[in-house]
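Trainee: I would like to learn how to read a protein model step by step. Could we take one feature after another, with the general idea and then the case at hand?

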Amino acid sequence: MFVIVAKVRGHEAASKNSKLTKKIDSVIMNVNKMYSSDFHESFHRIDNHSFEGVLNKGIYVLEIIDKLKYGLDVYDVGFGVGFCEGDVENNSIHAIEQGKVNAYQALERLEENNDYGNAHIQVSLGRQNSLENIINASLRTTDFIESRWRLSQHDLVKYLVLNYGFMENFVQKDVARDLKLSAQNFNQQLKNSGYFNILKLKREITVIIEQYRRSQHRN
């Protein structure tokens, strides 16, 4: 299983902010409903500016994080992902608690090593190794690329993620119409953003972390 913890960063998160808490509640409610069968523990708020949840498998970890990120894109949100060795059939409270420890440690490392302020995700597999390092280096690369997008590119990818997740089989002319873009402008922005390259990389990372989960379960 995988624990996801999220924290809204910045001065707004430090004080009581009813607008923020309402927005978080609305976004996590939608995600909980959309992926209801994939949760061991659905997302819930820990305090005014942070929340956590536990997923049974790794297959939707990054897709869900992107939906949360774009759903809360008016705020700066950091995500920690922690692997726990428990599983649905053989649930271990201790394993889930260790997964939460891993996730919060990942969130701490994200802040400690976020020199340029672009990184939003850190993964902890419970033991720092080359696999964990390459996952986090890849995620930092995608975050850096996304930080260079123009607002129009950000809005385009936001629309795609919130409506299609990590699927590629959308009708481009329909999306262009919804966003009031010409087909040429739409194609150009999609190409310049590197969206499909990022999408393929994130899907490969998803496969890796799910394979890791299965390998640990077999052991």
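Mentor: Let us start with burial, which is judged by relative accessible area: under 20% is buried, over 50% is exposed, and what falls in between is partly exposed, with a 1.4 Å probe and protein chains only. Leu190 counts as buried because its relative accessibility is 4%. Please keep in mind that this is a predicted model, in which local features need pLDDT of at least 70 and side-chain atom pairs count only at pLDDT 80 or more, while totals for chains, interfaces and linings use all residues. Residues are numbered from 1 along each chain as its sequence is written, and side-chain values use heavy atoms, with hydrogens and water left out.

Trainee: Where does Leu190 lie, and which residues does Leu190 touch?

Mentor: Helices are DSSP runs of H or I with at least four residues, strands are runs of E with at least two, and both are numbered from the N terminus. Leu190 lies in helix H8, which covers residues 183-193. A contact means heavy atoms within 4.5 Å, and, leaving out residues up to four places away in sequence, Leu190 touches Leu156, Leu160, Phe170, Gln172, Tyr195 and Phe196.

Trainee: Is Phe170 buried or exposed?

Mentor: Phe170 is buried, with a relative accessible area of 8%, whereas Tyr164 is partly exposed at 24%, and Phe196 is partly exposed at 24% as well.

Trainee: What is the largest nonpolar core?

Mentor: In soluble globular proteins, nonpolar side chains tend to be buried together. A nonpolar core is a set of buried Ala, Val, Leu, Ile, Met, Phe, Trp, Tyr and Cys residues joined through side-chain atoms within 4.5 Å. Here the largest one has 49 residues, and those with the most contacts inside it are Ile4, Phe43, Val61, Ile64 and Leu68. Apart from this core lies another, of 10 residues, among them Val5, Ile96, Leu110 and Ala119. Setting aside neighbours within four places in sequence, Ile64 is in contact with Ile4, Val31, Tyr35, Phe39, Phe43 and Leu55.

Trainee: Which polar contacts does the side chain of Arg9 make?

Mentor: A polar contact is a pair of N or O atoms within 3.5 Å; within protein, one must be able to donate a hydrogen and the other to accept it, and residues adjacent in sequence count only if both atoms are side-chain atoms. Arg9, in strand S1 (residues 2-9), is buried with a relative accessible area of 14%. The side chain of Arg9 makes a polar contact of 2.8 Å with the side chain of Glu111, and a polar atom of that Arg9 side chain lies 3.2 Å from the backbone oxygen of Ala119. Elsewhere, Arg140 in helix H5 (residues 130-147) is partly exposed at 24% relative accessibility, and a polar contact of 3.2 Å joins the side chains of Arg140 and Gln122.

Trainee: How many helices and strands does the chain have?

Mentor: The chain has nine helices and five strands, and from the N terminus on its elements run β-α-α-β-β-α-β-α-β-α-α-α-α-α. Of the 219 residues, 48% count as buried.
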